[in-house]
Amino acid sequence: MKKSAKPLIVALLLMLLIVTTLILFVIGTRFKYEELIREKIGIEVELRAEQTKRTNLFAEYQMVSAENIIVQSAKQDLGMIQDYETINKISIEKLQIDQLNQMLSEKYD
Amino acid sequence: MINSRSLIVVILVILFFIGLTVKLVDIQIIKSEELKYYAKRQQTKLETVPAERGLIYDRNGVLLVHNRNDVTIYIDLRMLPVKKREDVANKFSKIFGKSKKYYLALLKQSGKTICIEKKAPQEKARLISELKMNAVVITEDPTCIYQYGSLASHVLGYVNNEYVGVNGIAKTFEDELDGENGARLVERNALGDLITISEEETIQPVTGNNIVLTIDKTFQSILEEELRDGLKKYKGLTATGIIMDPNNGEILALANLDDYDPNLYWKFSDFQRRNRAVTDTYEPGSTFKAITLAALLNEKACYETEVLNVENGTYKFRNTFIRDTYPNDRLTVKEVIEESSNIGIAKLIQRLSDENFYKYVRDFGFGNYTSITLPGEVKGTLINPGEWSKLTKTFMSFGYGLAVTPIQLTAAFSSLINGGTLYKPQLVKKQINWLGKVVYENEPVEIRKVISRETSQRIKNILKSAVENGTGKSADSELISVGGKTGTSKIAKDGGYATGKYNSSFIGFFPADNPQMVCLVLIDSPELEKYGSKVAAPIFKNITDRIVQSNPGYFFKNENHRHKKTEENQISEVKIIYSENHVDKNDEAFVLTSNTEITNGRMPDLRGKTLKEALFILNEIGMKYNIKGNGIVNSQSIKPGEQIVHNKVCVLNCSQSEINGANVY
């Protein structure tokens, strides 16, 4: 009995130690997993907030960089005037332009 | 002895483990389902993950509506001891910048849970959550942001407290914009802190589709600004304006004034929030004469040069007097439209049967929904010919006895000048999902062919003439050719007409030869003037001019557009634009940038111009020339402003020099 009981106790204690270690490991892993999940949720929320912020900034950028805003600012803040009231647009067929170019070229040649 | 004791210990340990195993088996296997159920019920909760709402863009990708991830913060008073209230109030006061008193007053309220901050920015909410206060509950409460305030408010609609679309596109496309909410199984501890989330039982939310409208933000701004100015200038009650592409039914701008700011929708009345362009009707008056004449021309019941007796402005028809604003003895059919003669059109319509005229009016879309994707549309009033009195057709010919919505009239008018096809008015160009994939793209919807291409061309010419020579003169633009028709109609009230109250309107199109836009301007009850020619037409002109100036390429890219009245205008910039059919559109010949006058028979100032520019001008006016030197023109032998004498030669002295860039602003 004396010779056979000791190894059994040691074996049992060892087994107990292994089981306990495994349980602790599982619990530890689970805690870590839960922590990572929480972190992931937090990061997802932050990501969404950043995406929304980016969209908001894009909208702001479009608003301040719109042509009418720049023109308004140029007129009101810088006192510039828009010289479009007498713009005249004349369309000419390409053939006519070619003839004109040819005429000019001949004159210079 | 030692062995016996060891054996006892071993046996006890084994028994203990056996007991433990039995209990474990009981918990984990036998009562597993029951206990799992109770545990789940206590600790876990199925939470909704709200989907992000889709965005709304204009046709050029300008973001009009977007979202902000705001939060609402609640305090569970049961979990907040009275002595800690001051501390909480202090912390909130520091973060949100409101007084401590304000928060203390809120915390003194009765009830289990109180809302302490509504629609707070997420950054501030994060600061609150970092303080780890047990009683604080933070929930997502997103906000829709209308970037340009009241701009296009009647088209966009608004989102209410429950984040549900009300009015406009927000309502019609609620399902598409809203997306699909997700869900997740969340495990929380007794304090409400998150323990974990079951990944297997998580359904990801699907973000709503983004909507690209046919609206052009620039045109919309111009329309609203000009309507606002016009309303103020003529002291009108309300104004409505629509700009439509007649070739596909796309609405480029739609506005009603008064309007509202969708960000603060609760501050405005139902009237201000109503999209009167689709929900309200009016008698169109003389603008309807174009519709009547189209029916007559299409039926070959008259022709443009036919002369009519218009009775010097007063005509007794079936015991009722019909009067013209501008009395005339005789007018051609074309002049009937130019002068807006009620008598002329009333006489002409007698050539069509009631049924035939009704058929045309109906075919143009009156008395029916346009099926525009906006809520609350009405179909107007168009009486069945069986119920017509002896005067109905006659009065209908000049726009009385029927009620139309502004959108109906704009769509019908578009069909008049686009070759005769009635298109469904469209507001949505496409829908894009959150992955950027186009899920739906609108194509033009042809409803029916109402009149022939030839009739359409004839009507277009008549309407162009109505602006050049008729009542629509004040709508004429120096920048682009315009066609259109004025309208002045009494306002129906209590079964009769309101005294001294008129609807002044103008509906026109440009460029006249190849219409790209139809624009309706309707001013309700202007106090200073009543006629469409005096009120709505000048507003139309301002809108047209600004639109052309803002985006000339829009009109000139598809046609070889020749500017009218060239000789009358001072030229400061001559831009050579030619047809896309001939050359690449970017292949511009050259641009003259300094002031040059080509006045009637007068010599232009060529000094400071490049030789090429000067020669272009001289060739334009047909003058012979002689060149000395090269580069920039320093002087000219015929002085600027001098009368041009035939066959006289102009000597240009040139030298090389640098041209500084011209200031545009």
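Predicted model: local features only at pLDDT ≥ 70, side-chain atom pairs only at ≥ 80, totals over all residues.
1. Helix 9 (residues 217-233) of chain B packs against helix 19 (residues 536-550) of chain B at an angle of about 150°, and their axes are 9 Å apart. Because angles over 145 degrees count as roughly antiparallel, helix 9 of chain B is described as roughly antiparallel to helix 19 of chain B. The two helices cross in a right-handed sense.

2. Now look at the residues behind that packing. Helix 9 of chain B contributes B:Thr218, B:Phe219, B:Ile222, B:Leu223, B:Glu226, B:Leu227 and B:Gly230. From helix 19 of chain B come B:Ile539, B:Asn542, B:Ile543, B:Arg546, B:Ile547 and B:Ser550. Sorted by class, this contact of helix 9 of chain B with helix 19 of chain B holds 7 nonpolar, 4 polar and 2 charged residues.

3. Helix 12 (residues 289-298) of chain B and helix 14 (residues 342-349) of chain B have axes 10 Å apart and pack at an angle of about 35°. Their crossing is left-handed. On the side of helix 12 of chain B, the contact involves B:Lys289, B:Thr292, B:Leu293 and B:Leu296, which meet B:Ile345, B:Leu348 and B:Ile349 in helix 14 of chain B. The class count for helix 12 of chain B with helix 14 of chain B is 5 nonpolar, 1 polar and 1 charged residues.

4. Of its 7 residues, 6 are buried, so strand 13 of chain B is largely enclosed by the rest of the structure. It is joined to strand 25 (residues 517-524) of chain B by 7 bridges, and these two strands run antiparallel. You can find B:Thr238 opposite B:Asp524 in strand 25 of chain B.

5. Strand 13 of chain B also pairs with strand 14 (residues 251-257) of chain B, through 6 bridges and again in an antiparallel manner. Here B:Ile243 has B:Ala253 of strand 14 of chain B as its bridge partner. Strand 13 of chain B and strand 14 of chain B form a hairpin with 6 residues between the strands, and in this hairpin B:Gly249 takes a positive phi near 80°.

6. Next comes an open sheet of 3 strands in chain B, with the order 1-10-11 and antiparallel pairing. Strand 1 (44-49) and strand 11 (194-203) of chain B are at the edges; each has a single partner strand, so one side of each lacks a neighbour in the sheet. On average, neighbouring strands of this sheet are turned by 30° against each other, direction ignored. Between strand 1 of chain B and strand 10 (residues 182-188) of chain B there are 6 bridges, and B:Glu47 has B:Arg184 in strand 10 of chain B as its bridge partner.

7. One more open sheet is worth a visit: 3 strands of chain B in the order 5-4-6, paired antiparallel. Strand 5 (113-120) and strand 6 (136-140) of chain B are its edge strands, each pairing on one side only. From one strand to the next, the twist averages 20°. Strand 4 (residues 71-76) of chain B is joined to strand 5 of chain B by 5 bridges, and B:Ile75 stands opposite B:Ile114 in strand 5 of chain B.

Key. Residues numbered from 1 in each chain as written. Chains lettered and ligands numbered in written order. Axes fitted to C-alpha atoms, helices over the stretch in contact; angles between N-to-C directions. Helix = DSSP H or I, 4+ residues; strand = E, 2+ residues; numbered from the N terminus. Parallel < 35°, antiparallel > 145°, perpendicular 65-115°, else oblique. Left-handed = near helix turned anticlockwise from the far one by under 90°. Contact = placed C-beta atoms within 7 Å. Nonpolar A, V, L, I, M, F, W, Y, C, P; charged D, E, K, R; others polar. Buried ≥ 20, exposed ≤ 12 C-beta atoms within 10 Å, placed from the backbone. Pairing = 2+ DSSP bridges.
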